[in-house]
Amino acid sequence: QAVLNVKSDVQVKDTLKTDAKGKLEVRLNDGTVVALGPSSDATVSEFIITDTKNSFKASITKGAARVVTGDLVKRNPNGFKITTPRSTVGIRGTEVVFVVQGGNEIFSVTNIGAGSYVSVVDNMNGKRHRLDDPGQSLISPRNTPARVVKNSAAMQRLINTISQGINSGNMQDIEKNVKDVISEANKVDGGGSQSRGGQGGAQPEKKNDGPLG
């Protein structure tokens, strides 16, 4: 183990960890940013940017993170993938907040470029979901199928608080934050009880337009 300082080098396959009051931001050569909040673990398992191959793979196993994609997705829109205990996530040109805690997961789009989107496969049932607007979140409660929810004002405030906590390293209770977001999402869509075409329903993807096969 090694303590990282400002401008410390990070190698592919290094496991990055923060403590209860820690924060960490890694900037890759293409401009990709991975920022970790307190009590978080992540690993960058692959980063290749050449004339012939462009690929980024990482895992986030717990905690809270903010991911901003760089030039790599312009070279290869299908080349950016992040895995979590519950999901496989492909990102095309956007900024996403990830929260993974106690079997619950939340992914929220905070910024997105034209024609970009986030593609998520729920490993619980193999279903694919798509987020293509800022203010959308994928809610994956423990032992419950994932669903896309349009953030209410209360949800957005909570997600903003999480994002600020990632940036500052001052996040009081990640697990409580996650439960609060899920609780507010349930108020929006009744816990996913609306019809598939309703606000809380998953958005099907077109074939062959995502990085997840």
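Predicted model: local features only at pLDDT ≥ 70, side-chain atom pairs only at ≥ 80, totals over all residues.
Local features rest on pLDDT of at least 70 and side-chain atom pairs on pLDDT 80 or more, while totals for chains, interfaces and linings use all residues. Residues are numbered from 1 along each chain as its sequence is written, and side-chain values use heavy atoms, with hydrogens and water left out.

Rolling a probe the size of a water molecule over the atoms shows where empty space is left. A cavity here is a set of points, on a 1 Å grid over the protein atoms alone, where a 1.4 Å probe fits but cannot get out; its volume is the space filled by probe spheres set on the points, which are joined across faces, edges and corners. One cavity of 30 Å³ or more is present, and the volume of the largest cavity is about 40 Å³. Its lining residues (an atom within 4 Å of a point) include Val-34, Phe-56 and Ile-82. Strands (DSSP runs of E, at least two residues, numbered from the N terminus) β4 (41-49) and β5 (54-68) each supply at least two lining residues, and β5 gives the largest share, five.

Now for a charged residue in strand β5: Arg-66 (Asp, Glu, Lys and Arg count as charged). Arg-66 is buried, with a relative accessible area of 13%. Its side chain forms polar contacts (N or O atoms within 3.5 Å, one able to donate a hydrogen and the other to accept it; residues adjacent in sequence count only if both atoms are side-chain atoms) with the side chains of Glu-25 at 3.3 Å and Asn-167 at 3.2 Å.

Asp-19, in the loop between β1 (15-17) and β2, is instead exposed, with a relative accessible area of 52%. Leaving aside neighbours within four places in sequence, Asp-19 is in contact (heavy atoms within 4.5 Å) with Pro-38 and Ser-39. The side chain of Asp-19 also reaches the backbone nitrogen of Lys-21 at 3.0 Å.

Note on methods: 1 Å grid on protein atoms, 1.4 Å probe; cavity = no way out; pocket = protein on both sides within 12 Å on 5 of 7 lines; lining within 4 Å. Helix = DSSP H or I, 4+ residues; strand = E, 2+ residues; numbered from the N terminus. Buried < 20%, exposed > 50% of the residue type's maximum accessible area, 1.4 Å probe, protein only.
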